[in-house]
Amino acid sequence: EGFLLLEVLLAIVIFSIGILAVLGLQAVMVKHSTEARMRSVASLVAEERISEMWADPALAPSRVELDTNIEPILPNGRRTVVQLVPGRYQVTVTWQLPGQTEPHRFVTVANVTGG
């Protein structure tokens, strides 16, 4: 008597733990998916600037920028383009998602010659 009730309660506890684990996993997957999307957008922003420089290498030095606000594209987004040596440029894109303490950074370097 009462043994069936104990089995049912134990089954409910095990099922609840499983459901909580799945919900936790879902939250982590959403977070990582968002971060991956932001990295992809940052890559596109940097490659767009490099493409502009490759399209007209003579104007590449005029594309150097110290700190451009790209917040409409990325949250708290900034883009910096510096010339490392003549013909070699580094594009850095930084962004910070709400609630995060450390900003994310994407850096790429390209050689732009000609013109």
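## Model and conventions

This is a predicted model: local features need pLDDT of at least 70, side-chain atom pairs count only at pLDDT 80 or more, and totals for chains, interfaces and linings use all residues. Residues are numbered from 1 along each chain as its sequence is written, and side-chain values use heavy atoms, with hydrogens and water left out.

## Fold and dimensions

From the N terminus, the elements run α-β-β-β-β. Helices (H or I, at least four residues) and strands (E, at least two) are DSSP runs, numbered from the N terminus.

The radius of gyration of the chain, taken over C-alpha atoms, is 24 Å. A compact globule of 115 residues would have a value near 13 Å; that rule is 2.2 Å times the number of residues to the power 0.38. The C-alpha trace spans about 90 × 25 × 20 Å along its principal axes.

## Surface and contacts

The accessible surface comes to about 7900 Å². Carbon and sulfur atoms hold 64% of that surface. Areas come from the Shrake-Rupley method with a 1.4 Å probe; for residues, only the protein chains shown count as cover. Of the 115 residues, 23% count as buried (under 20% relative accessible area; exposed is over 50%, partly exposed in between).

Contact means heavy atoms within 4.5 Å. Among contacts between residues at least 6 apart in sequence, 38% join residues at least 24 apart.

## Salt bridges

Side chains of opposite charge can pair when their charged atoms come close. The count here is five salt bridges (a side-chain nitrogen of Lys or Arg within 4 Å of a carboxyl oxygen of Asp or Glu). R49, E52, R63, E65 and R79 are linked in a network of these bridges.

R49 and E65 meet at 3.7 Å, N to O. This pair links distant parts of the chain: R49 sits in helix 1 (residues 3-55) and E65 in strand 1 (residues 65-69), 16 residues apart. R49 is buried at 11% relative accessible area. E65 is buried too, at 13%.

R63 and E52 meet at 3.9 Å, N to O. R63 lies in the loop between helix 1 and strand 1 and E52 in helix 1, so the pair ties together parts eleven residues apart in sequence. R63 is partly exposed at 28%, and E52 is partly exposed at 27%.

D67 and R78 form a salt bridge at 3.4 Å, N to O. D67 is in strand 1 and R78 in strand 2 (residues 78-85), eleven residues apart. R78 counts as partly exposed, at 31% relative accessibility.

Methods:
Buried means under 20% relative accessible area, exposed over 50%, partly exposed in between (1.4 Å probe, protein chains only).
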